[in-house]
Structures are given as C-alpha cells and as structure tokens.
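Please read them with the structure open.

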Amino acid sequence: MAPGLDDLYRDIILDHYRNPRNRGRLDAPDIATQGANPLCGDEIEVSLVFEDGRVADVRFEGRGCSISQASASMMTEGIKGKSVEDVRELVSSFKEMMSGSFEPDEEEFGDLEALQGVRKYPVRIKCALLCWNTLLEGIDIFEHAKRHAEASA
Ligand code: ZN
C-alpha cells in the first residue's frame, strides 16, 4: 500500500482487498481475458456474461498488490447490470479520473472514488488500471467476434 494515502481511501481499498467482491470464474463466459502488470507482478483474469445486452454477471481472479486487486473488486461491482456502452463510458471516466482530468461524482462512482488517491503515486496507477484495460480488451474481442459473426451470417 502506498504510504500517505488518505485514511478513508486506504480503508476502502483495504476492505476490497481483504474481502474481494465477485471473486472467481464463470463457467461459460462471453468474455474471458487475462492481463498482467509486470512492473508490480499483478495478474488479473476477468470473466463476464451478458444477458439482454447487459452485464448479467462478472467475476475476477487475480493476485498482486492491494491496489490492483481492490480495483478489480470495485470494477465488478461498478459494471454489473450495465450495457456495453455504459461499461465503456465508465472505463473512460475511470481512466480520466486516474489521469486527473475528471472529478468523479461520488454517487455514481461509489467506492471507485477511493482509487483517485492512488494518483499521487504514478507507478501505482498502472496497478489500478490493469483490470480496466483487461476488461476493455475483452469487450473489444467480444464485439469484434460479434461483428464478424453478423457479417458472415
Ligand atoms: Zn500493483
């Protein structure tokens, strides 16, 4: 954990790290991607199923630092029930928050807001972004495959 992180933020991050939400793997996922952050040794695996165009369920597996794992736990909570479009929007808002160009709305962002405290530690931003980039890659693959299937149907 980064020293000097705001106490409240640190408590939220540690809570997700110690009690990760939605941990595990789905049996027949629409999306299953893995990502790694070699700088820190973080690994994340995201699996997700859609139903009626919305995220019906999402799980993550992983290991690494508290920031990478807490971010994944928060992400799964943040995207459940959202459409692909809304998920993409949340990913870009989150990235903007981490780059400092966006002040999140507490109500909409919930616990995710705590990760903006990590901004003070540029090296750790990669830890916080790992699961989001992994998710984005999965969505890109999924949508590409879907377009391909539609084109050849
Ligand atoms: Zn890390």
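Is Asp57 buried or exposed?

1. Asp57 is buried, at a relative accessible area of 17%. The cut-off for that class is under 20%, so the label follows directly from the value. Please keep in mind that this is a predicted model.

2. Asp57 has a charged partner: its side chain meets that of Lys80 in a salt bridge, at 3.5 Å from N to O. Asp57 belongs to strand E3 (residues 54–63), while Lys80 sits in the loop between H2 and helix H3 (84–99), so the pair ties together parts that are 23 residues apart in sequence. Lys80 is partly exposed, with a relative accessible area of 35%, whereas Asp57 is buried.

3. Another salt bridge joins Glu45 and Arg25, with 2.6 Å between the closest N and O atoms. Here strand E2 (residues 42–51) supplies Glu45, and the loop between H1 and strand E1 (31–37) supplies Arg25; the pair therefore ties together parts that are 20 residues apart in sequence. Arg25 counts as exposed, at 52% relative accessibility. The limit for that class is over 50%.

4. Asp15 forms a salt bridge with Arg21, and their closest N and O atoms are 2.8 Å apart. Both residues are partly exposed: Asp15 has a relative accessibility of 32%, and Arg21 has a relative accessible area of 22%. The pair is also part of a network of salt bridges that links Asp15, Arg21 and Glu77. In total, the structure holds 10 salt bridges. As background, side chains of opposite charge can pair when their charged atoms come close.

5. Now the helix packing. Helix H1 (residues 7–18) packs against helix H2 (residues 66–79) at an angle of about 85°, and the two axes are 8 Å apart. That angle makes H1 roughly perpendicular to H2.

6. Which residues of H1 meet H2? They are Ile12, Ile13, His16 and Tyr17. On the H2 side, the contact involves Ser66, Ile67, Gln69, Ala70, Ser73, Met74 and Glu77. By class, the residues of this contact divide into 6 nonpolar, 4 polar and 1 charged.

Technical notes. Residues numbered from 1 in each chain as written. Predicted model: local features only at pLDDT ≥ 70, side-chain atom pairs only at ≥ 80, totals over all residues. Heavy atoms only, no water. Axes fitted to C-alpha atoms, helices over the stretch in contact; angles between N-to-C directions. Helix = DSSP H or I, 4+ residues; strand = E, 2+ residues; numbered from the N terminus. Parallel < 35°, antiparallel > 145°, perpendicular 65-115°, else oblique. Contact = heavy atoms within 4.5 Å. Nonpolar A, V, L, I, M, F, W, Y, C, P; charged D, E, K, R; others polar. Salt bridge = Lys/Arg side-chain N within 4 Å of Asp/Glu carboxyl O. Buried < 20%, exposed > 50% of the residue type's maximum accessible area, 1.4 Å probe, protein only.
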